[in-house]
Amino acid sequence: MTTTTPEAVEHPVRKSSPGAASGSRRRTGRIRRIGLPYLLLLPALILELLVHLVPMVIGIVMSFKELTQFYIRDWGTAPWSGFDNYRMSVDFDAPVGEALLHSFFVTVGFTLLSVGLCWLIGTAAAIFMQDIFRGRGLLRALFLVPYALPVYAAVITWVFMFQHDNGLVNHVLHDQLHLTDKPSFWLIGDNSFWALLTVSVWKGWPFAFLIVMAGLQNIPRELYEAAALDGAGVWQQIRRITLPSLRPVNQVLVLVLFLWTFNDFNTPYVLFGKAAPEAADLISVHIYQASFVTWNFGTGSAMSVLLLLFLLLVTGVYLALTSRGRRAADV
């Protein structure tokens, strides 16, 4: 019969202690390495919550309140209205709902035209800039000027150009080219829609040009050389090589342009002021008028929430369709 002394029992424990301590230090170091990126992101996440998420939650709460100018000083005391603000916004037989529906259709038409023209002009310019010629760098820089200019400076310049009596647009169209019988009013009436579309495309297509030009750098030149040897012309190369290769880039580009254009507030506000013409009554300015002009913040907040839901729905459907098309192409 053998007896085990306390020293014999303690000896293996003391022998394994350095290994256990080393493993603990390695786990601590791994946790620190993994947690460091999240720690560095924490200030940005906090600012994101303060700048975007918190106002969004407050806006949703306000949409369920009867918040008018009488409760601005202490909006928390405004009585609850339930879904009354939403019912008023979607009641298209009533003046408020009818005006909102008209603004929605104007915004949809404006967005489709603006995004389509921005993509078309930007893609054509980017393809043209792939060829090497003298002054290409300078021309690229000039193309990006509208995108680099501050929005307010650029739009105010267009305001002066669209003036009825001494604007550059009427001077060229009427005095120089004689395309119109008399100077046109561009900032009021039906022409306001085309004026707004012109400014939006002018300042938006350089972004499409920049993104498409970056995407073209990933297409091997050997594909074009092989297609040229096979007798493919320029249009066939664009159709068979360029556009299919740019499909992932274009999917993201179209979505970003759609969201930016549909939510654009600065351009119509600077171009027309607080009261946009009926033909150019974008939904962003319409919600602003419903909130800060008529002082019905509850209804304006409800309209904002409806706009958010619509954009989330469109984005979800678009991403689902594009991902399904991408999987089908891969198969």
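Helices here are DSSP runs of H or I with at least four residues, numbered from the N terminus. Keep in mind that this is a predicted model.

**Exercise 1. Find which helix supplies the largest share of the lining of the largest pocket.**

Solution. 
1. Start with the space: the largest pocket holds about 810 Å³.
2. Look at its centre next. Of the 25 lining residues, Asn263, Ile287, Ser304, Leu307 and Leu308 are the closest to it.
3. List the helices that each give at least two lining residues: H1 (6-62), H11 (247-262), H13 (283-293) and H14 (297-330).
4. The largest share, 10 residues, belongs to H14.
5. To finish, sort the lining by class: 16 residues are nonpolar, nine are polar and none is charged.

**Exercise 2. Classify the ring pair of Phe258 and Phe262, then follow Phe262 to its pairing with Phe310.**

Solution. 
1. Now check burial, where the cut-off is under 20% relative accessible area. Phe258, at 15%, is buried, and Phe262, at 1%, is buried too.
2. Move on to Phe262 and Phe310: with centres 5.4 Å apart and planes at 35 degrees, the pair counts as tilted.
3. Phe310 lies in helix H14 and Phe262 in H11, so the pair ties together parts 48 residues apart in sequence.
4. Phe310 has a relative accessible area of 26%, which makes this residue partly exposed.

Technical notes. Residues are numbered from 1 along each chain as its sequence is written. This is a predicted model: local features need pLDDT of at least 70, side-chain atom pairs count only at pLDDT 80 or more; totals for chains, interfaces and linings use all residues. Side-chain values use heavy atoms; hydrogens and water are left out. On a 1 Å grid over the protein atoms alone, a cavity is a set of points where a 1.4 Å probe fits but cannot get out, and a pocket is an open set with protein on both sides within 12 Å along at least five of seven lines; lining residues have an atom within 4 Å of a point. Grid points are joined across faces, edges and corners, and a volume is the space filled by probe spheres set on the points. Ala, Val, Leu, Ile, Met, Phe, Trp, Tyr, Cys and Pro count as nonpolar, Asp, Glu, Lys and Arg as charged, and the others, Gly among them, as polar. Rings of Phe, Tyr and Trp (its six-membered ring) pair if their centres lie within 6.5 Å; planes under 30 degrees apart count as stacked, over 60 as edge-to-face and the rest as tilted. Buried means under 20% relative accessible area, exposed over 50%, partly exposed in between (1.4 Å probe, protein chains only).
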